[in-house]
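Trainee: I'm new to this one. Could you show me the model and walk me through some of the terms used for it?

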Amino acid sequence: CVPTENCFVPISEIIAVEETELNKKQHNTGKWQKMAKLHAFVVYYVKKTRNHRWRCSDVTFWCVDEHLCNQWIQALKELLEMQKSRPKQLLVYINPYGGKRQGKRIYEQKVAPLFNLASISTDVVVTEHANHAKDNLFEVNIYKYDGVVCVGGDGMFSEVMHGLIGRIQKDSGIDQNNPKASLVQCNIRIGIIPAGSTDCICYSTVGISDPVTSALHIIVGDCQPLDVSSVHHNNTFLKYSVSLLGYGFYGDILKDSEKKRWMGPMRYDYSGFKTFLSHHYYEGTIAYQPAKHTLGSPRDKDSCRTGCCICKRSEQQLAEQHKECGLKHEEGEEEWKVIKGKFLAINAVNMSCACPRSPKGLSPAAHLADGSADLILVRKCSRFDFLRYLVRHTNQDDQFDFPFVDVYRVKSFQFTSKLSEDNESNVMDIGKKHFGQFCRDHPACCCNIVNSTWNCDGETLDSSAIEVRVHCQLMKLFARGIEENCKNEAAYSQSSTEQLL
């Protein structure tokens with residue numbers, strides 16, 4: 001068989017193989033001009049371009065021997081069948097109202113044709129109201145699907161995630177209201193087709209917010225484990241978080257922007273500027289357990305990338321800790337550290353939270369699957385200093401290199417506002433057993449007692465006293481993390497056995 005161009009493609013990134021007929025122009029070129037009849041097939045494959053963008057490309061092979069051509073087609077199809085990680089049946093939820101209301105069009109025009117090409121069957125549900133997808137996931141037979149795909153923004157992903165994790169815990173008899181419960185891992189992967197106002201989770205796990213790229217990651221069956229944080233108040237489950245859990249600045253932005261949804265995505269800019277000018281700070285107490293099992297640090301330069309060794313080794317060390325001393329013992333005995341003070345922002349992130357406006361994100365060295373979160377505390381400072389801190393999210397400077405900014409890698413933490421300390425003593429009672437001496441660098445201060453709102457992955461939480469715990473690799477995405485060097489298809493890393501074409 002002779003291809004129309006030179007091309008090396010790993011089997012793992014071939015999308016489909018189809019028999020085809022040569023057009024007249026191809027038939028009458030070169031040395032094949034005098035041949036009576038040629039037999040051909042097309043190989044559709046992933047073509048990698050700049051900035052982590054993937055596209056579906058194709059290459060045609062032909063020969064005069066029909067039997068040989070059919071042998072090639074059959075051999076390639078058998079190799080594709082051996083790719084067991086590839087989905088064959090998907091449950092798809094489309095949010096037609098999110099972002100610029102383009103979810104349905106994006107799926108039908110850009111994604112569905114690719115799924116059809118890859119012979120993936122789908123059951124599509126167009127959501128009609130809030131929590132439609134979440135409620136539906138508690139009713140359908142999720143175990144007949146190889147994955148669940150959400151078409152929309154971060155809010156749509158959060159809804160699908162809550163439905164899927166909640167369903168797994170329910171079927172496993174796990175009480176989500178117990179903050180110390182060991183949650184059952186969700187092995188049904190979630191695919192994200194970005195079509196919202198913000199697509200932070202997609203950007204932080206793939207490297208770009210592009211529907212075609214995400215669809216191709218789903219087709220080839222990529223799998224990226226993801227840490228999930230559970231948020232509780234008074235032994236009551238509130239939310240799960242995979243990206244940002246923010247109090248103060250980011251909570252105030254969200255609360256204000258929710259009143260201005262009619263402005264569209266511009267509401268975030270308006271509310272952000274308004275919140276910056278108001279310069280509110282909040283007093284409270286934070287207690288946290290350091291993530292001693294992790295190998296990295298929030299201040300190092302080891303970004304989480306495809307096949308991250310820090311995530312793999314941290315998972316192993318965490319499993320060894322649980323095996324040696326048991327989860328109950330570990331939670332009860334490990335040291336708690338306490339900080340009291342005034343804060344402009346309290347942010348906990350399970351991933352970098354990178355996006356086009358902030359290419360490095362809130363914590364550039366945060367890892368997707370190491371069983372920890374980065375807790376970022378921005379203490380009261382001048383408006384000018386806070387602006388300097390915010391600006392560093394958009395450039396390459398160290399955003400933690402300020403005397404008023406502290407960052408810790410934690411596996412759990414608790415927060416209570418000054419206003420809640422007397423009325424909501426449950427968190428503080430726990431603290432009295434573990435806290436010990438308060439940190440001298442962060443003395444309690446007297447200021448106006450007022451509460452902010454928690455921003456939990458773009459949704460508001462009004463409770464000012466919460467418990468947060470990170471669950472290592474609780475769920476999985478159709479992604480592979482951000483690849484180091486993704487410039488073109490010639491840069492594929494492949495073994496000699498994969499170089500079949």
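Trainee: Why is Tyr240 called buried in this predicted model?
Mentor: Buried means under 20% relative accessible area. Tyr240 has a relative accessibility of 1%, so Tyr240 counts as buried.

Trainee: And why is Phe237 called buried?
Mentor: The relative accessible area of Phe237 is 19%. The cut-off is under 20%, so Phe237 is buried too.

Trainee: What makes Phe237 and Tyr240 an aromatic pair?
Mentor: Ring centres must lie within 6.5 Å, and these two are 4.5 Å apart, centre to centre. Their planes make an angle of 50 degrees. Under 30 degrees would be stacked and over 60 edge-to-face, so the pair is tilted.

Trainee: What does the pair of Tyr247 and Trp454 tie together?
Mentor: Tyr247 belongs to strand β11 and Trp454 to strand β16, so the pair links parts that are 207 residues apart in sequence.

Trainee: How many aromatic pairs does the whole structure have?
Mentor: The search finds 14. Ring pairs also link a cluster, with Phe249, Tyr250 and Phe276 among its members.

Key: Residues numbered from 1 in each chain as written. Predicted model: local features only at pLDDT ≥ 70, side-chain atom pairs only at ≥ 80, totals over all residues. Heavy atoms only, no water. Phe/Tyr/Trp six-rings, centres within 6.5 Å; stacked < 30°, edge-to-face > 60°. Buried < 20%, exposed > 50% of the residue type's maximum accessible area, 1.4 Å probe, protein only. Helix = DSSP H or I, 4+ residues; strand = E, 2+ residues; numbered from the N terminus.
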